Amino acid sequence: MIRKVVLTIAVVLAIVIGAGAFLFLRGAALPGLPLPALPATLAPAIAAADSARIAAIAERRCGRLLTAGRKACYEEFLLGLVQQGKIRLAMGTLDFLGQHDADIRRYGHDYSHVIGISAWEPGKDIGAVYLQCNELFQSGCYHGVIQAFFAYRGTDSASVAALCSQTPGIKDNSWLRFQCVHGIGHGLLQTYTMDLPHALRGCDMLGNRWDSESCYGGAFMEFIVGGRGQSHRVHIRHSGDSAKAGPSMDHDMAGMDSAPAFKARDRSDPLYPCSKLDQKYQRACYEMQAGLIVELTGMDFAKVAQVCETAPDAMRATCFQGIGTYVSGVTARDVSEGIRLCSLGNRHYQPWCFVGLAKNFVDVTANTDDGMALCNRLGPRDIAMKCYEAIGEEAGVLYVQMSRRERVCVAAARGDYQMACRYGARLIAERPEGLPTN
């Protein structure tokens, strides 16, 4: 009997070892073993710019690893493409991976951020590199490129202002310009080592309110992920003259570096840091606050909504909008689950949760059809109208041509919803009857 058991175990082990060896030879990484050589099939797939084939190779290589090792494996694989100058191909590969893997979709912004950070270094045309990114995964690639620029060039106000307002290909495209100034917010907060007020004052130097507000959002996003230890920092690559490599101080902000440290979290105050910041930063702060509230409540969005109800009156709707934005991310844009979670909490503020949900659907893909599909599934008229208004606002950012905005709005389910969309897109000036106001 014992002999049979031993024999059975030996056969099973032989099968497992044989299967492992087969997979390893085909380029698959296995837990506890060093990474194997990249398979010979990768080079022709890169030469053919075949993102689907490359993604299949990446999945076969990294997919069997445990969580941390798996993430590191995918990052290394994608960065191998970036190092060959294949930024667009790396993003395409990430897109295909996300279509088959919920974890990749959930953390796609992190991966795309890493791609952008590694894509630019001194000597490269930042405009050309930036334009090789795309809008996938909440435009993390764009943000990463800006962070890399900051790490090498520093944050003097002239460079910051010129980067988005004068770079060809960026300055005349409101969508790309938003991503650029949003990325500046990320870069400023990293440069000032989580000193949020300092970074926000840097955003104030961008010269106009729209740019500054967009920059605030990037700083708040970085404050959230940086406080969790999830931020991706730029590793300076020294090339010969090390004095020229690395971030420099901000000459126009000299004297601000003596500002007292700003703590990353206050667990006694679920509305921190918004509760400690100047009035002009409140709206941008509360748009992101749900990402910090969940650290205290967990993913119980009824409780998150209760916290938002304790915000100042003028900021409650904005806080609910932030819930929708966060829900979109954690559900990987699952429409049914997004609708369920945004239907929690105070009924008066629910429409704004759907605003955040719908806008983030569009922000991730830069495609208004994704947000429109959500709005078309909503029943209550006030919620649906607010959703369509949000899609109109997104169209106003994406499309300069009024005719293009009009084509977005005619896809709304019925006439009054089309009017809400047109109002959001600035096609009409009169506010439609029944459209909720805060």
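**Figure 1. Lys-386 in helix H21.** Lys-386 is a residue of helix H21, which covers residues 381-398. In this predicted model, the relative accessible area of Lys-386 is 8%, so the residue counts as buried. Beyond four places in sequence, Lys-386 touches Pro-351, Trp-352 and Val-355, together with Arg-431, Leu-435 and Pro-436.

**Figure 2. The fold as a whole.** The protein is built with 23 helices and zero strands. Of its 438 residues, 52% are buried. Among contacts with a separation of 6 or more, 66% are between residues 24 or more positions apart. The accessible surface is about 19,700 Å², and carbon and sulfur atoms hold 56% of that area.

**Figure 3. Crossing of helices H9 and H19.** The axes of H9 and H19 (residues 350-365) come within 5 Å and cross at roughly 50°. The two helices are therefore oblique to each other. On the H9 side the meeting residues are Leu-136, Phe-137, Gln-138 and Ser-139; on the H19 side they are Asn-360, Asp-363 and Val-364.

**Figure 4. The largest nonpolar core.** This core has 128 residues, and those that touch the most other members are Ile-115, Ile-184, Leu-196, Phe-220, Phe-301, Ile-323 and Tyr-388. Helix H9 (residues 136-153) gives the most to the core, with 10 residues. In soluble globular proteins, nonpolar side chains tend to be buried together. For Leu-196, contacts beyond four places in sequence are with Leu-189, Ala-219, Phe-220, Phe-223, Phe-262, Pro-273 and Leu-277.

**Figure 5. Helix H7, enclosed along its length.** Helix H7 runs over residues 108-119 and reaches 16 Å from first to last C-alpha, close to the 16 Å expected at 1.5 Å a residue. Because 12 of its 12 residues are buried, H7 is largely enclosed by the rest of the structure.

**Figure 6. Helix H4 and its packing partners.** The end C-alpha atoms of H4 (residues 67-83) are 24 Å apart, which agrees with the 24 Å that its 17 residues should span at 1.5 Å a residue. Its buried residues are Arg-70, Cys-73, Tyr-74, Glu-75, Phe-77, Leu-78, Leu-79, Leu-81 and Val-82. These buried residues pack against H2 (42-47), H3 (51-62), H5 (87-100), H6 (102-106) and H7. Just after H4, Gly-85 has a positive phi of about 80°.

**Figure 7. Backbone at Thr-193 and Met-194.** Most residues other than glycine have a negative phi, and most peptide bonds are trans. Thr-193 has a positive phi near 45°, and Met-194 a positive phi near 70°. Thr-193 is in the loop between H11 (174-191) and H12 (196-204), and Met-194 lies in the loop between H11 and H12. Thr-193 counts as exposed, at 61% relative accessibility, whereas Met-194 counts as buried, at 14%.

Figure 8. Tyr-272 and Pro-273 are joined by a cis peptide bond with omega of about 10°. Pro-273 lies in the loop between H13 and H14 (282-288).

**Figure 9. Ser-212 in helix H13.** Ser-212 is placed in helix H13, residues 209-227. With 4% relative accessibility, Ser-212 counts as buried. Leaving out residues up to four places away in sequence, Ser-212 touches Cys-203, Asp-204 and Leu-206.

Definitions and conventions: Residues are numbered from 1 along each chain as its sequence is written. Side-chain values use heavy atoms; hydrogens and water are left out. Helices (H or I, at least four residues) and strands (E, at least two) are DSSP runs, numbered from the N terminus. Buried means under 20% relative accessible area, exposed over 50%, partly exposed in between (1.4 Å probe, protein chains only). Contact means heavy atoms within 4.5 Å. Accessible areas come from the Shrake-Rupley method with a 1.4 Å probe; for residues, only the protein chains shown count as cover. The expected span of a helix is 1.5 Å times one less than its number of residues. A nonpolar core is a set of buried Ala, Val, Leu, Ile, Met, Phe, Trp, Tyr and Cys residues joined through side-chain atoms within 4.5 Å. Axes are lines fitted to C-alpha atoms, for helices over the stretch in contact, and angles run from 0 to 180 degrees between N-to-C directions. Angles under 35 degrees count as roughly parallel, over 145 as roughly antiparallel, 65 to 115 as roughly perpendicular and the rest as oblique.
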